[in-house]
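Please read the following report alongside the sequence and the three-dimensional view.

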Amino acid sequence: MYEIRIHSRGGQGGVTAAKLLALAAFRDGKHATACPFYGAERRGAPVVSFVRIDDQPIKVYSQIHEPDLVIVLDTSIMDVVDVLQGLKDGGTVLLNSAHPVAGCNGTCRHVDLTGIALAQNLVVAGSPILNTPVLGALAKMDIVTLPSALQAIREMFADERNVKAAEAAYEELKV
Amino acid sequence: MLTIATGNKAVAAAVKAAKPGVVAAYPITPQTEIVEQIADYVTDGDLESRYIPVESEHSAMAACIGASAGGVRTFTATSSHGLLYMHEMVHWAAGARLPIVMANVNRALGPGWNTWAEHTDAFSQRDTGWLQVFVGTVQEAYDATLMAFKIAEDERVLLPVMVNLDGFALSHIMQSLETVEIGDFLPPFHLPHAIDTENPCGYGPMTGPADYFRFRWDIERSMRDARGVIADVEREFAERFGRTYGPTEDYRCEDADVVVVAVGTLGKEAEVAIDRLRDEGIKAGSMRLRWFRPFPDLDLSGRDVVVIDRDYSFGFGGVVAHSIRSKTGIEPYSVIAGLGGQEVTYNDIADFVRNRRPGEETWFGVSDHV
């Protein structure tokens, strides 16, 4: 079972990113579950979402305490939340950042999702949309296939700019 | 059709397939997504139904009672404080023998204010005369909702059915969901005692001491008959759609020395614990209790039993633990865990089994108690 924890701030689309990722994995023929940890959400507060992907049906409902992959959609969270907590040995971190971030151990990748969203003018209520471009980055990391990632995005969003943003992230992420 | 959906969306999809004539509901976290989705179905023309947005849960159940008595299939959904607020009408719906189906998204009761999973809300309606089923997956939320209409409307039952799913843990998780073409699985709604203006009758009039108990007995008789009806409907469902359900979901129980009994998502998580324990050589199994009313006969003889209660009856104990004790005579190890969404992992459940003390009660996470 591959376990993913997504850190974001309320309103940034982390919950939707989890749903898109589970849907893409499902379209790959895998079993997948996505579950947000609901607290007293409000815009801007740190939030976590969980995604599990497996070849077998998934019976686990508890939170992910030892993720294989941590995704951070807003690196300012790293000042207040230990996003690496419980990360498995050899685990991976994906950061939304134009530059490498100090203090990120292990296999750490970064891609400028915010810049990609702004370039596509993917902005809602003043916030760049990060949950569709991140799917492209995850496809590049072989978490899901690119066709399934794009299909999942199209199933949930009519605006093709979301697909373009995912393709841009796929191109830009270095692996 | 195979897709991926939340528990809430699965319930709504089943309701769409069941085509109730009236849906009356009041939103409450974490149930709101169910009635929002149904409202969308009605607005978009995907469901021909009268959607009544009422001003309270008491009115929601009252509207369902009126519509059902008028001979129409009805549905509502609620949770926690909403369920408690409609409590008087919950009793009335069963007493009036109306086959209303209600989804209850299990949530803790305040104070302190808490929107996470707990079963005390449903168990507080234990003596209302409603059938109660608890589900453990998104698919089961869909399947159980469809079957609930057929079971409730069977003339041997004619009692309302509550379909329970864990708040957030199941209502908001996305899992795979296969929706079905129900065909004639659900026959047209027929209520033998529906209001008929051509044949005026009194409904719920004064019923004196010489007669009242007969109506109560009739509810119990139907509850007893419901066991067979549930088995028939679950068998037909399996034949038509290929998914099998029973009063419990048993996992690796055949040769088990110790059996974990739990309800809802904790009952699924327990299966992962069982696999871990088996790897250690501990012969453990799990029995997820699905039907709570009518309460099934359970075969647990000769085993240690660990009961996980995500509920509590103050001054007595865990509701499931004392149900097991009274039905089987077995003194279980009673673990109170998961209240108000308390995090309980499969590792914790495996520890409950390893450290079991039959006959005792433990509150998980309460350090001066454990």
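This is a predicted model: local features need pLDDT of at least 70, side-chain atom pairs count only at pLDDT 80 or more; totals for chains, interfaces and linings use all residues.

Residues are numbered from 1 along each chain as its sequence is written, and chains are lettered from A and ligands numbered from 1 in the order in which they are written.

Where the chains meet, chain A brings 15 residues and chain B brings 17 residues, two residues being in contact if their C-beta atoms, placed from the backbone, lie within 7 Å. On the side of chain A that touches chain B, α1 (14–27) and β2 (31–37) of chain A each supply at least two residues, and the largest share, 5 residues, comes from β2(A). Helices (H or I, at least four residues) and strands (E, at least two) are DSSP runs, numbered from the N terminus.

Chain B holds an open sheet of 7 strands in the order β3-β2-β4-β5-β7-β6-β12, with mixed pairing, where two strands pair if DSSP finds at least two bridges between them. Its edge strands, each pairing on one side only, are β3 (50–53) and β12 (291–293) of chain B. Strand β6 (residues 131–134) of chain B pairs with β12(B) in the antiparallel sense over 2 bridges, and Trp291(B) in β12(B) is the bridge partner of Val133(B).

Helices α7 (residues 138–153) and α8 (residues 212–241) of chain B pack at an angle of about 130°, with their axes 10 Å apart; axes are lines fitted to C-alpha atoms, for helices over the stretch in contact, and angles run from 0 to 180 degrees between N-to-C directions. The residues of this contact divide into 7 nonpolar, no polar and 3 charged.

The domain assignment of chain B gives domain 1 (2–241) and domain 2 (248–363), with bounds that come from an automatic or database domain assignment. Their centres, taken over C-alpha atoms, are separated by 27 Å, and 26 residues of domain 1 are in contact with 21 residues of domain 2. On the side of domain 1 that touches domain 2, α8(B) gives the most, with 5 residues.

The table sets out two of these sides by residue class, with Ala, Val, Leu, Ile, Met, Phe, Trp, Tyr, Cys and Pro counted as nonpolar, Asp, Glu, Lys and Arg as charged, and the others, Gly among them, as polar.

| Chain A, touching chain B | 9 nonpolar residues | 4 polar residues | 2 charged residues |
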